[in-house]
Structure formats: C-alpha cells, structure tokens
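Colleague: Please walk me through this one, and let me ask as we go.

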Amino acid sequence: MPTDHIQYQYKDDNLALSEPNKLKAENLRAEEMIINLGPQHPSTHGVLRLEVLMDGEIVREVVPHIGYLHRCFEKHAENLPYNQVIPFVDRLDYVASMNCEHAYVMGVERMLGIENQIPKRIEYIRVLMAELNRISSHFIAIGTYGMDIGAFTPFFWIMRDREHILRMLEWASGARLLYNYFWIGGLFYDIPVGFETRCREFTTYIKPKLQELESILIDNKIFIDRTAGVGVLPLALAINSGCTGPMLRGSGLRYDLRRVDNYSVYPELEFEIPIGEGKMGKTGDCWDRTYVRMREIDESIKIIEQCLDRLEGEHKRTRDFDPQALVPKKIRPKAQDFYVRAESPKGELGFFFRADGRSDVPFRCKCRSCSFVNLSVLPEISKGVLVGDLIAIIGSIDMVMGEVDR
Amino acid sequence: MLQFENIVALVTPCVQNGPVTTDESASPKAIVLPVQDLYAVCHELYHNPATYFDMLSCVTGLDNGPEAGTMEVIYNLYSIPHNQGLMLKIVLARTEPIVDSLCALWKTADWMEREVFDMYGITFRNHPDLRRILLPADWEGYPLRKDYKHQDYYRNVKVEY
C-alpha cells in the first residue's frame, strides 16, 4: 500500500453502523439530542456502548448496546468435553476466574454425583482461592469506580495490593488471571509448600491497608457527594430485574447464595452478609453498593483465615494427598437438565446444562451471567440523572464485559 | 414452601391446551407445558402467595436439531421467600418458533429473551423491544442452532478464519 494512501476516506456507507441506533433523530423533541458514549471509553469499563438521549445535561433515556466482546462461549462449550470447557469459563469473568470455575466445576460434579466424595481439603483450598479472587475482583470494582469518580490514588494503592493476591494465585496455579486450577473432581495441584504462611502474611498486611482505603475513598466527602443518593435501585425493582450480588444486597436484602444454598464448605465457615442501609443517602444508592463490596472484603478475609486454620489443622497437607485422585477419566453425566448457581463477586453465576448421556460433550451449556442481568437494570435507574451521575451509576454496577458478552 | 406435586396441581387448572408433564430427573424439577399456556402459568406462579416465584433466574434456548424438529425454551424460576427453585420447559416446532414473552411479569426476561431470539430465532410475542443483542443487527442466521452455517462474508470481511 502506498504511504500517501488516505486511510479515512469518507464514503457514504461509513455512517451505516453495524448496530443501528434505537433512538431516531426524527422522534426527538426540541432541545433533545442523542449522544453516543463508548464503546471505547474508559468509564464504560470495557466495550460497552451507550446511546444516551439527553435534554441539556439531563439523561432522558439510555440504550445499552453490548456484544463487542462476544466470544461464542456457548457454541464452544457445545463442541468440547466438560473438562476442556474450564479454560473458557475462566475467560467469562476474567477478574474472578476462580469463582467462575468453582460454579462450573460444582455443577458438573453434582451431575456426576461425586460432589460428596470430594475431600474436605480440596473444598477448603477451593474456597480459599475463590475468596482470594473475590477480594481481587472487589479491589478492581472499588478502585476503578474511584477512578471514574475522580479519585486516582486509591486505584494505585489497590492495584499494588491486588498484585499480592495475583502473585499468590500465580504461585499456586501458574497463571496470573486465567487459572484452570479447579478440575472436575479435584484440583490441578495441591497448594505449594509455604502458601499458608504467605497467605497469613497477606491478611495481616491487608487489614490496615483496607482501613486506609476506607478513609481515603469510602468516607471521603467528595466520594459521598458523588455517590450518595445517586442511582437508587429500589428493592422491588432489583428483585424483578434479577439483580444479584452486591447490587441486590446494596438494596437491603440479606441474600447471599453462599448462605442460601450452603454449597461447598461455606456452612462450616463463619461470616456475615453485609447489606446497604442507606447510611449516607438512600438505601440502594451507589454508595451503598460500594460499601457492601468494602464490607465483603472484610468478610472474605475472615473466611480466608478460617480456611487457613483448617488447612494447617485438621486438613493438613500429607505426603500421599493427591488432589487429582478423584478426577474422573471419563466425564459422562446421565441424561438430565441441570441448573447450578453460585455466588460470584458480581452475583448469581449460573450454568444450565443439558447432558444427553451419550457423549462427553454438553448438549447445551448456558451461562447465566450476573453482569449481563445487572447491566440490564441500567436504563431503569439512570432516567432523569445528570450525565456525570450516569458515569457513577455505570461504575457502581461493576460489570465485566467479558461476562456480559460471553 | 410447596412440594413439587402441589405446584403441579396448582398450575394444572391454568393449562387448557394440552397435557402437563413433569421431568423429575431435572434439577430443579421441571414442568413441561404447552406453549400457549406459558404466560397463564407464570402469571399464577408469580402472583400466588403460596409459590411467589419473584425471580426469573435464567432463560435458556435449546435446539434439538433438524431431525427432531423441535426447539425448547427453559425457564428457571426462583422464589426468595420460599427458597425454592422450579424449572419450566416448553417445546416448540422448529418451523414456527413463537412463544409469549414474560416481560410483563419479570423485567429480567427482556434481555434474556432477546438473547434467545438472537441465538435461536425464537420470536417472543408482546416483547417490547425484540432486537438482536449480542450479535450485530445485520448478522445472518442464528448461530446456536444445530444446523447453523456461518455466512461467507460479513461486510466484505471473510468470516472463516
């Protein structure tokens, strides 16, 4: 190609968008205009495009356009054996891969009927990893949210602390973000020698840092002014829209699948379920959602410490412990429909399976993604807000586009 | 909290267009309904205080392939106060995949039904805004159907990689 070639020559079909606007210019009233926000915009946390109908600075309507990160997870899953789907599951919610794996692996194990044979040590390691990953996911949520609002420092602090978690997970699994660590019936490998000590050092290190974070961000006057009373999600709307996780708990319902379903070893662990109480504004506002995430980090640390106690106590490492002992050679569940769900950092992550009983490949594997459902409430709660508040609302939803688009 | 048998007994009067069958091997247990009665049954399950399924967890489309000639839509309901899940299944003819939308009951249904429409081409009657959601609006075909063949070119870009 010659170097003087004009790359951006205007042609008529340049304006033909692959995703046409839902709102039409001819239907606008006086003073109204359509603004396009995203998909390449830092405050949309990935590739989310919003068509915003504005009246001056007031948002009248928001139409989200998603799918820019669609990677055909469900089509891939229909063509791969159950165990080979796990790396794809990692890539759904790529900041909380362990939690995604946990839900998926648990579902397949229940279909095979081996969920009660899994050794306690494996379950405790799984919960330990899932909670570490939950903390790092909430770190991302709070850090980037602060950055949206204009607080830059906490983001760097939080990234520094998150790095400790990622290094530990890398030490255990070999990868920083996409682990493939939970296997159906076991684990890829036992935790490395010395992991428990390192993990304890981390929990001791992180506690004062969290207090620091809370005082610089959550209790900050500017942050409260930007988030309190903004984007209020009433409880009835939250339930009807299927919101789960910190979105639902922020609206004041004490509902956490770790307690409701009592899966894995969570019934043996003590932790609280924090909810939003409208301390700064109204119940269910952006501040409440962030506050719930902050409190959940504290609870996760409690869980981690209990897991470490058990892993150093009654479920100690032994020389002959093989985390792959129960991994089935052939994964062929009976013909059935199965819906499994688990609490990921963003909410209820569900998998629907149809096994046909004749093959090692799922006939259908559907991912019920929590970010997808949580994002669908955005048009409802952002009617009549200012455009700056719209950014605050998007950030408080804490969606990961990899999971929205799958 | 009602037992599964009682839920089946509760929804049976709402069904006029065919038999109600159950699938107890499914988890949670499933009721298979005629297509025409889906909305009436869901209306009852949502409003009756004894069941009160206030959350629609998941809507799944499913294609049984051209030989079987059917598609299915599977609804996973959940009741927070009763802590109970339920699966509803409907079977559609592949030639005429039309089903009532549940958007009037659960707002969750809006995007989930759009996704099913996007991937399977199942039309939801009375849906307020039935457009493609994950794929571009001018994409051809429905990718999760078992007999799907992707188009050769999309906007002069070769699809095959």
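**Chain by chain**

Colleague: How many helices and how many strands are there in chain B?
Modeller: This is a predicted model, in which local features need pLDDT of at least 70, side-chain atom pairs count only at pLDDT 80 or more, and totals for chains, interfaces and linings use all residues. Residues are numbered from 1 along each chain as its sequence is written, while chains are lettered from A and ligands numbered from 1 in the order in which they are written. Helices (H or I, at least four residues) and strands (E, at least two) are DSSP runs, numbered from the N terminus. Chain B has four helices and nine strands.

Colleague: What is the mean pLDDT of chain B?
Modeller: pLDDT is the predictor's confidence in each residue, from 0 to 100. In chain B, 100% of the residues reach 70 or more. The mean for chain B is 88.

Colleague: What share of the residues in chain B is buried?
Modeller: A residue is buried if 20 or more other C-beta atoms lie within 10 Å of its own, exposed if 12 or fewer, and partly exposed in between, with C-beta atoms placed from the backbone. Chain B has 161 residues, and its C-alpha trace spans about 55 × 30 × 25 Å along the principal axes. The buried share is 38%.

**The sheet of chain B**

Colleague: Which strands stand at the edges of the five-stranded open sheet in chain B?
Modeller: Two strands pair if DSSP finds at least two bridges between them. The order is S1-S2-S5-S4-S3 (chain B), with mixed pairing. Each edge strand has a single partner strand, so one side of each is left without a neighbour in the sheet: these are strand S1 (21-23) and S3 of chain B.

Colleague: Over how many bridges do S4(B) and S5(B) pair?
Modeller: S4(B) and strand S5 (residues 84-93) of chain B run in the antiparallel sense. One pair of residues to look at is B:Ser79, which stands opposite B:Gln84 in S5(B). The number of bridges is ten.

Colleague: Is B:Asn83 buried or exposed?
Modeller: B:Asn83 is in the loop between S4 and S5 of chain B, and its phi is near 50°, a positive value in a residue other than glycine. Most residues other than glycine have a negative phi. Because B:Asn83 has 10 C-beta neighbours inside 10 Å, it counts as exposed.

Colleague: Which element gives the most to the side of chain B that touches chain A?
Modeller: Two residues are in contact if their C-beta atoms, placed from the backbone, lie within 7 Å. On that basis, 31 residues of chain B are in contact with 30 residues of chain A. Strand S3 (55-63), strand S4 (70-79) and helix H4 (109-120) of chain B each give two or more residues. With six residues, the element that gives the most is S3(B).

Colleague: What ipTM does the predictor give the complex?
Modeller: The pTM for the complex is 0.90. The ipTM is 0.90.

**Chain A**

Colleague: What is the radius of gyration of chain A?
Modeller: The radius of gyration is taken over C-alpha atoms, and the globule rule is 2.2 Å times the number of residues to the power 0.38. Chain A has 15 helices and eight strands. With 406 residues, a compact globule would come out near 22 Å, which agrees with the value for chain A, 22 Å.

Colleague: What is the order of the three-stranded open sheet in chain A?
Modeller: The pairing is antiparallel, and the edge strands, strand S6 (336-344) and S8 of chain A, each pair on one side only. S6(A) and S7(A) share nine bridges. The order is S6-S7-S8.

Colleague: How far apart in space are A:Phe363 and A:Leu80, C-alpha to C-alpha?
Modeller: A:Phe363 lies in the loop between strand S7 (347-355) and strand S8 (364-368) of chain A. With 19 other C-beta atoms within 10 Å, A:Phe363 is partly exposed. A:Phe363 and A:Leu80 are 283 residues apart in sequence, and in space their separation is 9.9 Å.
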